[in-house]
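Biologist: I am new to this one and would like to learn how to read it. Could you walk me through it, one feature at a time?

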Amino acid sequence: MIPLLGLVGGVLIGLLWGPDVPLGLQPYLPIAVIAALDAVFGAVRAVLDGIFNDKVFVVSFLANVVVAAFIVFLGDQLGVGSQLSTGVVVVLGVRIFSNVASIRRHLFKA
Amino acid sequence: MSTTSSSSSWATLLRMARPRATRANVFGALLAILLGFAIATQVQQTNQSGLEQLREDELIRILDDVTQEQGRVSSDIRQLEASRDRLLSGVDSSSEALKSAQERLDTLGILTGTAPATGPGVVITITDPGHKVTAARLLDALQELRDSGAEAVQMGDQRVVADTWFSDADGGITVSGHQIAEPYVIKAIGDSATMASAMDIPGGVTDSVRRDGAQSTVRQLKRVDITALHSLEEPRYARPVPAPTK
């Protein structure tokens, strides 16, 4: 419950406050969100697999975000920012799908 | 897998999600709040969809589009300005044509008696109580006036034009079929001195009228108003000859 409530609370804060994303962060925030989602689904799967570790979750969450942002930053510096962003989204999307599939098997046996 | 295993999966999930004062829960809640906040912010940012979140190459493409559009629009502007100038000069030339047509209309109106006329001239009054003056005498007077440069003539209340004719009638003279009242007043616009001297030459109109037994006076005026109008009739037989084509 707590993480779900936290998610909803964060969405509400974002909607009510509605801050502008700083210019320097604009290319990285979408990728960071995808990376964080990947970490979250990975954590749920780990819980169901019985191997959840809070330290691993926190580190993987932050590392995912930082690495994804760094890849996009690197891509921008190399002039292939949009392609690399697409690549990161695809990879993270595939991981999210596989995690969700695993969670689904655990919960629904299907 | 069995059903118990499935329910235990749910139980595991619920147990993990239950509020506990563990570090994992605190971190999980914090990161979830962070994630929700980031999602909401990013969604709002995307919905604003301004230029500032576009990438460099997209901005370059948009700039190219705008530049092409600008080129197209400015060539449109040039074309429209050219056609506007053409139309304006057309207005000028057509107003020029209108002006010359109006001048021509005025000239023809005075010539054919369809327009009132004003200008320097003479007023000849022939007092003839005994009705001694004949139509031929008036015709002489008109001939004399035209000879001396009269441009518009009125006899009594009749405008004198090209097809005006005179006739003797019982107790008077008719001009184009209309009897004019005695004394006969002839107004003529032209060089007043020339016309007056043409009237007064020996054997001229004044002389002849006096010999007929009537009185004639000639007044030179700076301004004579000829207000009688002649209504034009469409010629029944005469047709204009078409101008030869070059």
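Biologist: Which residues have the most contacts inside the largest nonpolar core?

Modeller: Some ground rules come with it: this is a predicted model, where local features need pLDDT of at least 70 and side-chain atom pairs count only at pLDDT 80 or more, while totals for chains, interfaces and linings use all residues. Residues are numbered from 1 along each chain as its sequence is written, with chains lettered from A and ligands numbered from 1 in the order in which they are written. A nonpolar core is a set of buried Ala, Val, Leu, Ile, Met, Phe, Trp, Tyr and Cys residues joined through C-beta atoms within 7 Å. Buried means that 20 or more other C-beta atoms lie within 10 Å of a residue's own, with C-beta atoms placed from the backbone. Here the largest such core has 35 residues, and A:A32, A:V33, A:A35, A:A36, B:L35 and B:A38 have the most contacts inside it.

Biologist: Which element gives the most to this core?

Modeller: Helices (H or I, at least four residues) and strands (E, at least two) are DSSP runs, numbered from the N terminus. In this core α2(A) gives the most, with 14 residues.

Biologist: What does B:L35 touch?

Modeller: Two residues are in contact if their C-beta atoms, placed from the backbone, lie within 7 Å. Leaving out residues up to four places away in sequence, B:L35 touches A:L7, A:G10, A:V33, A:A36 and A:V40.

Biologist: How many residues of each chain are in contact with the other?

Modeller: The contact involves 33 residues of chain B and 37 residues of chain A. On chain B's side, α2(B) supplies the largest share, 20 residues.

Biologist: Which residues of α1(A) are buried?

Modeller: An α-helix has 3.6 residues a turn, so residues three or four places apart point the same way. In α1(A), the buried residues are A:P3, A:G6, A:L7, A:G10, A:V11 and A:G14. Seen down the axis, they fall within an arc of 135° (taken from the directions from the helix axis to the C-beta atoms), so they line one face of α1(A). After the helix comes A:G18, with a positive phi near 60°.

Biologist: Which way do β4(B) and β5(B) run?

Modeller: Two strands pair if DSSP finds at least two bridges between them. Strands β4 (residues 166-169) and β5 (residues 172-175) of chain B run antiparallel, joined by 4 bridges. B:F166 stands opposite B:V175. Their hairpin has 2 residues between the strands, and B:G171 there takes a positive phi near 65°.

Methods
A residue is buried if 20 or more other C-beta atoms lie within 10 Å of its own, exposed if 12 or fewer, and partly exposed in between; C-beta atoms are placed from the backbone.
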